[in-house]
Amino acid sequence: MGDQIHAAREVRKSDTLRLNAFTSGSSGSSGELGVIDQNHIRVDRAPARVERCGKPAWKTPVDLNRMGRRALPKADIAHSYQGAGPQAIKAFAASGAAGIVTAGTGAGGLSPAMTEARDDAVKNGVVMVSASRTGSGAVYDPHVRGVIGAQDLTPQKARLLLLLSLATTHNEQRIQTWFHTFGTGQFTARH
């Protein structure tokens, strides 16, 4: 986009109307992968997932061809703010959401009412993912059964990963592993 090469995991829309509205420069990322200068393509870095290229771990567990045209599970995003009520989470769960991403304050913080609604949804089998609405930084696993940390994925990207994961499995441990490997992969330091 705009002669820049971005990783899908890292790119964010940064302006509502500008043509150069995409950036990969925040949330712990290192900027664009490369650039296109007329007929020259320059690649400066690769996403962490490239370490698994050509290995069985490279392939994602989501096979869109196997899914066919069946309906995808329902996954929603509930935004939190100071004093937010439980209504959004309760409504999403009641309408059949298999998963809900919360876009919390700071490091994924929820109001007390939303926390209670989240915990009730988990008891009823809804997979919850905790993300931040701040635009940068990470939300780690909160060590709450049924809640997965989105790390540096935006709520929208976390929803997509949750949606595709739920279309493949309802095993919370497996989904959490996929969030840690496919959603927020990082380079491994080697000696």
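This report walks through a predicted model of one protein, from its overall layout down to a few single residues.

## The big picture

Let's start with the parts list. The protein has 5 helices and 9 strands, and along the sequence they come in the pattern β-β-β-β-β-α-β-α-β-α-β-β-α-α. Of its 191 residues, 39% are buried. If you take the contacts with a separation of 6 or more, 60% of them link residues 24 or more positions apart.

How confident is the predictor? The average pLDDT for the protein is 83, and 86% of the residues score at least 70. Going element by element, helix α2 has the highest mean pLDDT, at 98, while strand β2 (residues 12–13) has the lowest, at 69.

## A strand on the inside

Which strands pair with β7? One partner is β6 (residues 75–79), which runs parallel to β7 and is joined to it by 5 bridges; across this pairing, Ala75 stands opposite Gly99. Another is β8 (residues 127–132), also parallel to β7 and joined to it by 6 bridges.

Strand β6, helix α2 (residues 87–94) and β7 form a right-handed β-α-β unit. Then β7, helix α3 (residues 112–123) and β8 form a right-handed β-α-β unit too.

The largest nonpolar core has 14 residues, and the ones touching the most other members are Val129, Ala158, Leu162, Ile175 and Phe179. Strand β8 and helices α4 (155–168) and α5 (172–183) each give two or more residues to this core. Helix α4 supplies the largest share, with 4 residues. Apart from this core lies another one, of 13 residues, including Ile89, Leu110, Met114 and Val126.

Setting aside neighbours within four places in sequence, Ala158 is in contact with Val101, Val129, Ala150, Leu153 and Phe179.

Over in helix α3 there is Arg118. Is Arg118 buried or exposed? With a relative accessible area of 12%, it counts as buried, since the cut-off for that is under 20%. Leaving out residues up to four places away in sequence, Arg118 touches Ile89, Leu110, Met128, Val144 and Val147.

## A closer look at helix α4

Helix α4 passes a simple length check. Its 14 residues should span 20 Å at 1.5 Å a residue, and the C-alpha atoms at its ends are 20 Å apart, so the two values agree.

An α-helix has 3.6 residues a turn, so residues three or four places apart point the same way. The buried residues of α4 are Pro155, Lys157, Ala158, Leu161, Leu162, Leu163, Ser165, Leu166 and Ala167.

Most residues other than glycine have a negative phi. His143 is not a glycine, yet it has a positive phi of about 60°. Gln151 likewise has a positive phi, near 55°.

Where do these two residues lie? His143 is in the loop between β8 and β9 (147–149), and Gln151 is in the loop between β9 and α4.

Note on methods: Residues are numbered from 1 along each chain as its sequence is written. This is a predicted model: local features need pLDDT of at least 70, side-chain atom pairs count only at pLDDT 80 or more; totals for chains, interfaces and linings use all residues. Side-chain values use heavy atoms; hydrogens and water are left out. Two strands pair if DSSP finds at least two bridges between them. A crossover is right-handed if, with the strands pointing away from the viewer, the path from the first strand over the helix to the second runs clockwise. A nonpolar core is a set of buried Ala, Val, Leu, Ile, Met, Phe, Trp, Tyr and Cys residues joined through side-chain atoms within 4.5 Å. Buried means under 20% relative accessible area, exposed over 50%, partly exposed in between (1.4 Å probe, protein chains only). Contact means heavy atoms within 4.5 Å. pLDDT is the predictor's confidence in each residue, from 0 to 100. The expected span of a helix is 1.5 Å times one less than its number of residues.
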